[in-house]
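Subject: Structure handover

Hello,

Here is the structure I said I would pass on. My notes on it follow below.

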Amino acid sequence: VDVTGAGGPFCDILMSEWSPKILLVSFGGKASETKTSVYSNKTGEDQYLNRVSELWFVGKELMRCRQIYGIERSMAKNIAQRGYDQRKTGNNLRIIIEPKGTYKTRIGHSPDEEDSVFLMIDCARQRCGLMAMEPPPKINEDGQLRRPVKSMKILKAARHNENTELI
């Protein structure tokens with residue numbers, strides 16, 4: 001759950017009433033010390049200026065590597081429309097995503113649904129060690145590439161199912 005702004009007191013209530021295991025993420029806080037890829041020793045902190053930038057870019061990399069797929073066309077469009085910039089900090093060139101307010105003004109709506117998807121992906125990263133990597137080719141009997149069984153549609157269904165615990 002995003003603890004930025006009014007999210008902090010909300011998270012306090014969630015943790016006391018529901019579960020202390022909730023993953024707390026400060027979108028405006030510093031990026032994590034978690035590795036961003038199997039192929040690199042760089043951490044989120046090395047590559048991104050803040051946590052929300054890390055969430056979006058690592059999530060997009062997992063989609064590019066086909067570890068997460070099946071995203072609805074409207075969500076894919078919204079994800080692709082969010083801008084970013086690179087800023088030099090010390091010896092590092094780090095990525096910062098377009099602020100939510102700027103995106104909202106430019107596009108006409110907030111990226112809240114996309115943020116929630118990237119929070120679920122980050123939960124898999126932080127709790128289960130999910131990292132982006134190129135998939136090995138999976139070939140079926142006809143010599144065609146097979147897709148993995150899980151998709152974003154399953155995650156979306158889980159997100160809307162009150163009996164699912166995504167902690």
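Please keep in mind that this is a predicted model. Leaving aside residues up to four places away in sequence, Trp56 touches Asn78, Ile79, Arg82, Ile97, Pro111, Glu114, Asp115 and Phe118.

Trp56 also belongs to the largest nonpolar core, which has 25 residues. Together with Leu55, Phe118 and Ile121, Trp56 is among the members that touch the most others in that core. Two or more residues each come from α3 (51-64), α4 (73-81), β2 (92-97) and α6. The largest share is that of α3, with 7 residues. As general background, nonpolar side chains in soluble globular proteins tend to be buried together.

Next, the strands. β1 (residues 84-89) pairs with β2 in the antiparallel sense, over 6 bridges. Within this pairing, Asp85 stands opposite Ile96 of β2. The two strands, β1 and β2, form a hairpin that leaves 2 residues between them. Gly90 lies in the turn and has a positive phi of about 65 degrees.

Last, the surface. Val38, Tyr39 and Met133 make a nonpolar patch of about 290 Å² there. Met133 sits in the loop that runs between α6 (112-128) and α7 (152-159).

Regards

Terms used:
Residues numbered from 1 in each chain as written. Predicted model: local features only at pLDDT ≥ 70, side-chain atom pairs only at ≥ 80, totals over all residues. Heavy atoms only, no water. Patch = residues over 30% accessible without salt bridge, like charges linked within 9 Å, V, L, I, M, F, W, Y side chains within 5 Å. Areas by Shrake-Rupley, 256 points an atom, 1.4 Å probe, with all protein chains shown as cover. Salt bridge = Lys/Arg side-chain N within 4 Å of Asp/Glu carboxyl O. Helix = DSSP H or I, 4+ residues; strand = E, 2+ residues; numbered from the N terminus. Core = buried A, V, L, I, M, F, W, Y, C linked by side-chain atoms within 4.5 Å. Buried < 20%, exposed > 50% of the residue type's maximum accessible area, 1.4 Å probe, protein only. Contact = heavy atoms within 4.5 Å. Pairing = 2+ DSSP bridges.
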